[in-house]
Each structure stands twice: as structure tokens, then as C-alpha cells.
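User: Hi! I have a structure open here and would like to talk it through with you. Could you take a look?

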Amino acid sequence: MPLHEPSPYEVLGIPLTAGVREINLSVGKALKEGRFTRQQIQDAAALLRNPDRRLEVDLQQPFPPEPVDRAAELLAPALVEPLLVIERPPLPPAPALLALHRAELAADFAEPAPAGVDPEPPVPARYAADLSVLPQIEVPE
């Protein structure tokens, strides 16, 4: 049975716990209501009378929500007390904070260059910075 079709319980207007007697009585009521065709009603009744096919349909049906009495009373402890408490240490005062730049950090942990070697390799001429990378600027006279 595809999920978009009405369930046999909806067609007959009966609860999930209905027995064979209730199924037989609901067929006449469903025919009088006229919401579904005679064939749909007969098919729904035949399906629910067959225990194996009814079990298959019941397994495909979602459970109806259970009514909860005193829900506010049951949830009261959880709503009053926080569920998770995270204690964070206070931040140090601003003057105590130290800002490091990546270059300074890299310099601190860089291995010293061997003697007689330039610490940074030369940049090829075609990648050297020149005025071609700057946008055109009009200088007022």
C-alpha cells in the first residue's frame, strides 16, 4: 500500500484497536458517509479482516501521539535547572594579553640559515613587485 493512499483505518473510520465486529459495523457507516468509493471500503475491510495483511499495514502506520497528563509538572524540574553548566575561567585583563603576528611567530621557531646563505630565496624578476599591480590612479593637478 503506497503511503499517499488513505489507510484502511481512515477509510472505515475506526481506531487501530478495532476488532472484526467493529470492522463489519463500520462498512455500512462508511458507505453512508460516501467519502470513499465502495471498492475502497470493501478493500479496506478485507485487508483488516486478514491478520497477516493487517499486521503489514499496522507496521507501516506511525504511532499516534500519546496524551500526556500533567506535562508541565513532569517538565518542571528540567525547565528550572539548567541541564549543562559550563564554568569558564575569567579572561585576563587586556594589558596582559599578547598579540603575535604570524611573521613574529615564524621567526621565533625558524631554523637559523646556514652561514653565507641568504635567509630568503630571491624572488624571480617576473614576480617582483612593480607598479603593474597597482590600480590606475588619477593624480589631481
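Analyst: Happy to, so let's go from the overall fold to single residues.

User: Great. What kind of model is this, and what is its mean pLDDT?

Analyst: It is a predicted model. The mean pLDDT of the protein chain is 80, and 83% of its residues reach 70 or more.

User: Where is confidence lowest, and where is it highest?

Analyst: The lowest confidence is in helix H6, residues 102-109, with a mean of 73, while H3 has the highest, at 94.

User: Noted. How many helices and strands are there?

Analyst: The protein chain has 6 helices and 0 strands. Read from the N terminus, the order is α-α-α-α-α-α.

User: And what share of the residues is buried?

Analyst: Of the 141 residues in the protein chain, 14% are buried. The accessible surface is about 13,100 Å², and carbon and sulfur atoms account for 61% of that.

User: Let's go inside. Which residues touch the most other members of the largest nonpolar core?

Analyst: Those are Leu12, Ile14, Ile23, Ile41 and Leu48, in a core of 15 residues. At least two core residues come from each of helix H1 (8-12), helix H2 (20-33) and helix H3 (38-49). H3 gives the most, with 5 residues.

User: Which residues is isoleucine 14 in contact with?

Analyst: Setting aside neighbours within four places in sequence, isoleucine 14 is in contact with Tyr9, Glu22, Ile23, Ser26 and Leu48.

User: Serine 26 is an interesting one. Is it buried or exposed, and why?

Analyst: Serine 26 counts as buried because its relative accessibility is 5%, below the 20% cut-off. Serine 26 is found in helix H2. Not counting residues up to four places away in sequence, serine 26 touches Leu12 and Ile14, and both of those are on the list of residues that touch the most other core members.

User: Nice. Changing topic: where is threonine 37?

Analyst: Threonine 37 lies in the loop between H2 and H3. With a relative accessible area of 45%, threonine 37 is partly exposed.

User: Last one, the surface. Which residues make the nonpolar patch?

Analyst: Val68, Leu74, Leu75 and Leu79 make a nonpolar surface patch of about 430 Å². Leucine 75 is found in helix H5, residues 71-80.

User: Why does leucine 75 count as partly exposed?

Analyst: Because its relative accessibility is 47%, which falls between the 20% and 50% cut-offs.

Definitions and conventions: Residues numbered from 1 in each chain as written. Predicted model: local features only at pLDDT ≥ 70, side-chain atom pairs only at ≥ 80, totals over all residues. Heavy atoms only, no water. Patch = residues over 30% accessible without salt bridge, like charges linked within 9 Å, V, L, I, M, F, W, Y side chains within 5 Å. Areas by Shrake-Rupley, 256 points an atom, 1.4 Å probe, with all protein chains shown as cover. Salt bridge = Lys/Arg side-chain N within 4 Å of Asp/Glu carboxyl O. Helix = DSSP H or I, 4+ residues; strand = E, 2+ residues; numbered from the N terminus. Buried < 20%, exposed > 50% of the residue type's maximum accessible area, 1.4 Å probe, protein only. Core = buried A, V, L, I, M, F, W, Y, C linked by side-chain atoms within 4.5 Å. Contact = heavy atoms within 4.5 Å. pLDDT = per-residue confidence, 0-100.
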